[in-house]
Amino acid sequence: MATWNSRGLRGSLLEEMINMTNEKYREGGLALIQKVPTPITPITIDKETRHITLAYFDQKSTVDYIGAVQGIPVCFDAKECAVDTFALQNIHPHQVAFMRDFEKQQGIAFFLLYYTSKDIMYYLSIRELNRFWDRMEQGGRKSFRLDELRSEYFFSAKGGQMVPYLEMIQLDLNENS
């Protein structure tokens, strides 16, 4: 049973930047993307501060964000990585299954990876992840290296806060149309 104080529920710089970006995209009429709350059941609540100090997850979460970009359904998950190798154990099989099904319904599913030590981001489509995932399931590496990723999908924050993932979605759409 996962608990409230696990790594997954701590705020991250990447998620804060994505949330600000999503608000700008909404204000500009470009996209409507929402953070998907993780359903929890509180176990212990501090009576003085009224903060939840212990809880368990009600069900497995699928993705961090879901919504629409110019009428196109979009879902994505945000992951941070401190080293040049990304362990696939950071992605769960139920997430991969959901994202694959999402794309079968004509949506776009991807991961936004933030390599914190290099201060760069990467747009990892579910199709590209499938290559690494399938390799792992066939007994190969359980991770992928930075140098295995496609150079055109690396990007940086704009203005120190914006995560311009719409540009990456456009690149993905152009490539796969």
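Asp147 forms a salt bridge with Arg145, and their closest N and O atoms lie 3.1 Å apart. A salt bridge here is a side-chain nitrogen of Lys or Arg within 4 Å of a carboxyl oxygen of Asp or Glu. The model is predicted: local features need pLDDT of at least 70, side-chain atom pairs count only at pLDDT 80 or more, and totals for chains, interfaces and linings use all residues. Residues are numbered from 1 along each chain as its sequence is written, and side-chain values use heavy atoms, with hydrogens and water left out.

Asp147 is exposed, with a relative accessible area of 61%. Buried means under 20% relative accessible area, exposed means over 50%, and partly exposed lies in between (1.4 Å probe, protein chains only). Arg145 has a relative accessibility of 33%, so Arg145 counts as partly exposed. Arg145 also meets the side chain of Glu148 in a salt bridge, at 3.8 Å from N to O. Glu148 counts as buried, at 17% relative accessibility. A further salt bridge joins Arg150 and Glu152, with the closest N and O atoms 2.5 Å apart. Both ends are partly exposed: Arg150 has a relative accessibility of 30%, and Glu152 has one of 34%. Salt bridges that share partners join Arg135, Arg145, Asp147 and Glu148 into one network. The structure holds 16 salt bridges.

The protein chain has 4 helices and 10 strands. Helices (H or I, at least four residues) and strands (E, at least two) are DSSP runs, numbered from the N terminus. From the N terminus on, the order of elements is α-β-β-β-β-β-β-α-β-β-α-β-β-α. Of the 177 residues in the protein chain, 36% are buried. Contact means heavy atoms within 4.5 Å. Among contacts between residues at least 6 apart in sequence, 63% join residues at least 24 apart.

Helix H1 covers residues 13-27. Its 15 residues should span 21 Å at 1.5 Å a residue, and the end C-alpha atoms are 21 Å apart, which agrees. The expected span is 1.5 Å times one less than the number of residues in the helix. Leu14, Glu15, Met17, Ile18, Thr21, Asn22 and Tyr25 are the buried residues of H1. Seen down the helix axis, these buried residues fall within an arc of 155°, so they line one face of H1. The arc is that of the directions from the helix axis to the C-beta atoms. Several elements cover the buried residues of H1, including strand S1 (31-35), strand S4 (65-69), strand S5 (72-81), strand S7 (108-115), strand S8 (120-125) and helix H4 (165-175). Just after H1, Gly29 takes a positive phi of about 70°.

The structure holds 11 aromatic pairs. Rings of Phe, Tyr and Trp (its six-membered ring) pair if their centres lie within 6.5 Å; planes under 30 degrees apart count as stacked, over 60 as edge-to-face and the rest as tilted. Tyr65 and Phe76 form a stacked pair, at 4.9 Å centre to centre with 20° between the planes. This pair links distant parts of the chain: Tyr65 lies in strand S4 and Phe76 in strand S5, 11 residues apart. Tyr65 and Phe76 are buried. Phe110 and Tyr165 form a tilted pair, at 6.2 Å centre to centre with 40° between the planes. Phe110 lies in strand S7 and Tyr165 in helix H4, so the pair ties together parts that are 55 residues apart in sequence. Phe110 is buried, with a relative accessible area of 0%. Tyr165 counts as buried, at 0% relative accessibility. Ring pairs link Tyr25, Tyr65, Phe76, Phe110, Tyr123, Tyr153 and Tyr165 into a cluster.

The charged end of Lys35 sits over the ring of Tyr65, 5.4 Å from its centre. A charge sits over a ring if NZ of Lys or CZ of Arg is within 6 Å of the ring centre and within 35 degrees of the ring normal.

Gly67 is placed in strand S4. Gly67 is partly exposed, with a relative accessible area of 23%. The C-alpha atoms of Gly67 and Gln34 are separated by 6.1 Å, and the two residues are 33 apart along the chain. Leaving aside neighbours within four places in sequence, Gly67 is in contact with Leu32, Ile33, Ile72, Pro73 and Val74.
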